[in-house]
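Please look through the structure below while reading the paragraphs that follow it. They go from strands to a sheet and then to packed helices.

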Amino acid sequence: MGAAGLSDTTTIEARDVVKSFGQGDTAVRALDQVSISIRKGEFFTLLGPSGCGKTTLLRLIAGFEMPTSGQILLDGVDITYLPPNKRPVNTVFQSYALFPHLTVAQNVGFGLQMQGRPASEISSTVARMLALVKLEAMAGRKTSQLSGGQQQRVALARALAPQPKVLLLDEPLSALDLKLRKEMQIELKRLQLETGITFIFVTHDQEEALTMSDRISVMSAGKILQVGSPREIYTQPRNRFVASFIGETNFLPATTAPGGVKLGSGAFVETGAAPATGAVTVTIRPEQIRIVPVAEAGAIPAKVKNWVYFGTDTHVHAALADGEEVVVRLQSNVSGDANLHAGDAIGLRFAPGAAQVLVE
């Protein structure tokens, strides 16, 4: 077993996949030499901005698109050119594509019926799937009579009913309101854990990725920039794009020094491993910075510019001696932000190990 109890067995593998749309000088390369391995039974998220290639990769796995070059393997078998109906893979789309003239139970059993499964098996499977998504009481209703969240559950039950090896989810929560979207994040993770099926989830929402994923692949411009656990991606970003796309952060120019870096303000920050010489960029998350008395030993001098109250926390904007701005996130109930005023001299202290030197 791998980290966090996950299997080391690879279910889906992409090898040097290229996907181009168009020809000649006008061709657009949606995927550029993408290679990735997704483990059996994990919740794996493809995260990135619109147009980064994440949905294209999902469609290649589903069989709705063919790569320009490269391979897609499932359990070690090349399925690159296998039609979608021959793959043990199901997809849940942004639009749930339910049949409005059928009941909830008939929608869930539709795929099994098309496969020619016995009526008794269809009935028992539908009952089990509706129990899994907590919609037993809705079995006889038409899907047009359901809320958006309930329709989402029906689409999931229908996709899970044939027991696919892999379930692909293409931004399935995007049409839901914020409260329901948060509830469905928890439900999706529960379903994945209970079924043990490999989920591959596409989203541009960093919170969704951090909340549900075992591992995240951050994508940009058709390339995979970093793969890791949510904690690894958040606390150890490999480059500026990953650091800025996952959560809020501060970027500070610096130069390397023995054991750390020296900021433009002259303050020394311990960072551990860093390039041997030269100019670098340091990233530090706002919640990893404390405000301390300016006279405290080792404090980095700064001045308050302003602060913004967000309810659960308060963001303090401060300027270092060289003018670089740093944002500090404080818990509102303990921050004492009412005592802060523009122009106040304060000290900043970075949490040990929290400042990361970006290597790319």
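β1 and β2 form a hairpin with six residues between them, and glycine 22 in the turn has a positive phi of about 90°. Helices (H or I, at least four residues) and strands (E, at least two) are here DSSP runs, numbered from the N terminus, and two strands pair if DSSP finds at least two bridges between them. Strand β1 (residues 10-21) and strand β2 (residues 28-39) are antiparallel and are joined by eight bridges, and serine 20 has arginine 29 in β2 as its bridge partner. This is a predicted model, in which local features need pLDDT of at least 70 and side-chain atom pairs count only at pLDDT 80 or more, while totals for chains, interfaces and linings use all residues. Residues are numbered from 1 along each chain as its sequence is written, and side-chain values use heavy atoms, with hydrogens and water left out.

Strand β16 (residues 300-309) pairs with β17 in the antiparallel sense over seven bridges, with asparagine 306 opposite histidine 317 in β17. Three residues lie between β16 and β17 in their hairpin, where glycine 311 in the turn has a positive phi of about 95°. On to strand β18 (residues 325-331), which also pairs with β17 in the antiparallel sense, over seven bridges; here histidine 315 stands opposite arginine 329 in β18. The hairpin of β17 and β18 has four residues between the strands, and glycine 323 in its turn has a positive phi of about 95°.

In a regular strand the side chains alternate between the two faces of the sheet. In β17, Asp313, His315, His317 and Ala319 point one way and Thr314, Val316, Ala318 and Leu320 the other way, and all are buried. Strand β17 (residues 313-320) is thus described as mostly covered, with eight of its eight residues buried, where buried means under 20% relative accessible area, exposed over 50% and partly exposed in between (1.4 Å probe, protein chains only).

Next comes an open sheet of six strands with mixed pairing, in the order β6-β7-β8-β3-β9-β10. Its edge strands, β6 (89-92) and β10 (223-228), each pair on one side only, and neighbouring strands of this sheet are turned by 20° against each other on average, direction ignored. Helix α5 (residues 178-195) packs on the sheet, touching β3 (43-47), β7 (166-170) and β8 (198-203), and its direction makes about 160° with that of β8. Contact means heavy atoms within 4.5 Å; axes are lines fitted to C-alpha atoms, for helices over the stretch in contact, and angles run from 0 to 180 degrees between N-to-C directions.

Two packed helices are described by the angle between their axes and the distance between the axes. Helix α4 (residues 148-160) packs with α5 at an angle of about 20°, with their axes 11 Å apart. These two helices, α4 and α5, are therefore roughly parallel to each other, since angles under 35 degrees count as roughly parallel, over 145 as roughly antiparallel, 65 to 115 as roughly perpendicular and the rest as oblique. In another part of the chain numbering, helix α2 (residues 104-114) and helix α3 (residues 119-132) have axes that come within 9 Å and cross at roughly 125°, and α2 and α3 are therefore oblique to each other.
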